Amino acid sequence: MVIGDIIRTSARRLPDKLAVVFRGKRFTYGQLNDRVNRLANGISMLGFKQGDRISILLYNCNEYIEILFALAKLGITAVPVNFRFNGSEIEYIVNNSESKFLIYGEEFQPSVHQVRDNFAFIGPKGYLYVGISPPEYAQSYEEFLKTNSPKEPQVDVKEEDTFYFGYTSGTTGFPKGAVRSHRCNYTLFLAVNATFGLSEEDLSLIIMPLFHSNSIWFAL
């Protein structure tokens, strides 16, 4: 089992069941999977492929969940960035992870604009903007979804493939990117469910930031 199977299976079994609520927006599993597939297919159309790395700089939101699942379906490594970082720290994570693409929220536009010329691996088509009035070098997230197919991506993702880099400051020096595979996280999800006795009838309130491993476990 791989991470993309979670939303794919839930959309097939429970298409009309509520999946995500965020600030008045409500998405069923069917609707969420539709948005996930549109994002995944759009990223694929831009030429990004299995094994690439994509950084995410957002506050908690439904888009964060969509991005994690979309990248998982493509076999692309997600790189969640701490939203408390300043410009130079964001630059370090993006470059250290060799990210070729950045999906970020409007709240972080000043920091991104400040350091984007220093991003070593991001090209001219490497920015997706969650919010209104994107800069000329970034595409609007919602418009991007509208122009791409909702069909299920066909990528052979393996359990041992990397799901995300979890950057940790638990050592001396600069943060290190801990490599988390699909198998590692899927097994952890099952353990969390068993430990807390969770079922499909339960609800999760995600308070911790989604760049943090604990929030990823409980959200997905």
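Author: Start with Lys100: its relative accessibility is 31%, so Lys100 counts as partly exposed (buried is under 20% relative accessible area, exposed over 50%, partly exposed in between, with a 1.4 Å probe and protein chains only). This is a predicted model, where local features need pLDDT of at least 70, side-chain atom pairs count only at pLDDT 80 or more, and totals for chains, interfaces and linings use all residues. Residues are numbered from 1 along each chain as its sequence is written, and side-chain values use heavy atoms, leaving out hydrogens and water.

Reader: Which residue forms a salt bridge with Lys100?

Author: Asp52 does, with the closest N and O atoms 3.2 Å apart. A salt bridge is a side-chain nitrogen of Lys or Arg within 4 Å of a carboxyl oxygen of Asp or Glu. Asp52 and Lys100 are 48 residues apart in the chain.

Reader: Is Asp52 buried or exposed?

Author: Buried, at 7% relative accessibility.

Reader: How many salt bridges does the count come to?

Author: The count is 13. Among them, Glu152 and Lys73 meet at 2.5 Å, N to O. Glu152 sits in a loop and Lys73 in helix α3, so the pair ties together parts 79 residues apart in sequence. Asp5, Arg8, Lys73 and Glu152 are linked in a network.

Reader: New topic. How many disulfides are there?

Author: Zero, in a search of the whole structure. A disulfide is a pair of cysteine sulfur atoms within 2.5 Å.

Reader: And Cys61, buried or exposed?

Author: Cys61 is buried, at 11% relative accessible area. Cys184 is partly exposed, at 30%.

Conventions: Helix = DSSP H or I, 4+ residues; strand = E, 2+ residues; numbered from the N terminus.
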